[in-house]
Amino acid sequence: MASSKLQALWNHPAGPKTIHFWAPTFKWGISIANVADFAKPPEMISYPQQVVVACSGIIWARWGMVITPINWNLSSVNAAMAVTGVCQLTRKIRNDYFSDDKDDAAASLKG
């Protein structure tokens with residue numbers, strides 16, 4: 001049973017014998033790096049970078065579902081990119097526009 005499933009994966013049009021497997025597999029590095037960036041302070045997050053990560057994730061996740069055959073690896077990596085990009089943008093927006101720390105710092109400077 002496992003052998004037939006492995007053989008089916010190996011011979012799939014988006015399987016390990018094709019670029020359609022390896023390109024999205026290596027793209028997981030972007031999502032992993034974005035997850036690692038959650039340890040960074042929000043001040044270091046780049047709006048343009050995270051907008052591109054989120055938008056390209058949304059676009060290509062959809063594309064992976066409409067092509068034939070469906071490329072689940074492509075869709076999943078891009079869905080992960082979209083989620084991490086939106087999460088990073090949320091952190092940045094909350095820090096820049098809804099943070100009480102700025103108000104406290106400004107009040108302490110005024111005396």
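Colleague: Which residues of α3 are buried?

Modeller: In this predicted model, the buried residues of α3 are Q50, V53, A54, S56, G57, A61 and G64. The cover over these buried residues includes α2 (19–36) and α4.

Colleague: How many residues does helix α3 have, and what distance does α3 reach from its first C-alpha to its last?

Modeller: Helix α3 runs over residues 47–66, which is 20 residues. From first C-alpha to last it reaches 29 Å, close to the 28 Å expected at 1.5 Å a residue.

Colleague: What caps the N-terminal end of α3?

Modeller: S46 does. One of its side-chain oxygens lies 3.3 Å from the backbone nitrogen of Q49.

Colleague: Now to α4. Where is K92 found, and is K92 buried or exposed?

Modeller: K92 is found in helix α4, residues 72–97. Buried means under 20% relative accessible area. K92 has a relative accessible area of 9%, so K92 counts as buried.

Colleague: Which residues does K92 touch, leaving out those up to four places away in sequence?

Modeller: K92 touches P42, E43, I45 and Y47. With E43 there is also a polar atom pair to look at: a polar atom of the K92 side chain lies 3.5 Å from the backbone oxygen of E43.

Colleague: What describes a pair of aromatic rings?

Modeller: Two values are used, the distance between the centres and the angle between the planes. A search of the whole structure gives three aromatic pairs. In one of them, F21 and W22 have ring centres 4.8 Å apart. Their planes stand at 90 degrees, and planes over 60 degrees apart count as edge-to-face, so the F21 and W22 pair is edge-to-face.

Colleague: What kind of pair do W22 and F26 form?

Modeller: A tilted one, because the planes of W22 and F26 are at 35 degrees; the ring centres are 6.1 Å apart. Both residues lie in helix α2, four residues apart, about one turn of the helix.

Colleague: Which residues do the ring pairs link into a cluster?

Modeller: F21, W22 and F26 are linked into a cluster by ring pairs.

Colleague: What is the relative accessibility of W22 and of F26?

Modeller: W22 has a relative accessible area of 38%, so W22 is partly exposed. F26 is at 65% relative accessibility and therefore counts as exposed.

Conventions:
Residues are numbered from 1 along each chain as its sequence is written. This is a predicted model: local features need pLDDT of at least 70, side-chain atom pairs count only at pLDDT 80 or more; totals for chains, interfaces and linings use all residues. Side-chain values use heavy atoms; hydrogens and water are left out. Helices (H or I, at least four residues) and strands (E, at least two) are DSSP runs, numbered from the N terminus. Buried means under 20% relative accessible area, exposed over 50%, partly exposed in between (1.4 Å probe, protein chains only). A polar contact is a pair of N or O atoms within 3.5 Å; within protein, one must be able to donate a hydrogen and the other to accept it, and residues adjacent in sequence count only if both atoms are side-chain atoms. Contact means heavy atoms within 4.5 Å. The expected span of a helix is 1.5 Å times one less than its number of residues. Rings of Phe, Tyr and Trp (its six-membered ring) pair if their centres lie within 6.5 Å; planes under 30 degrees apart count as stacked, over 60 as edge-to-face and the rest as tilted.
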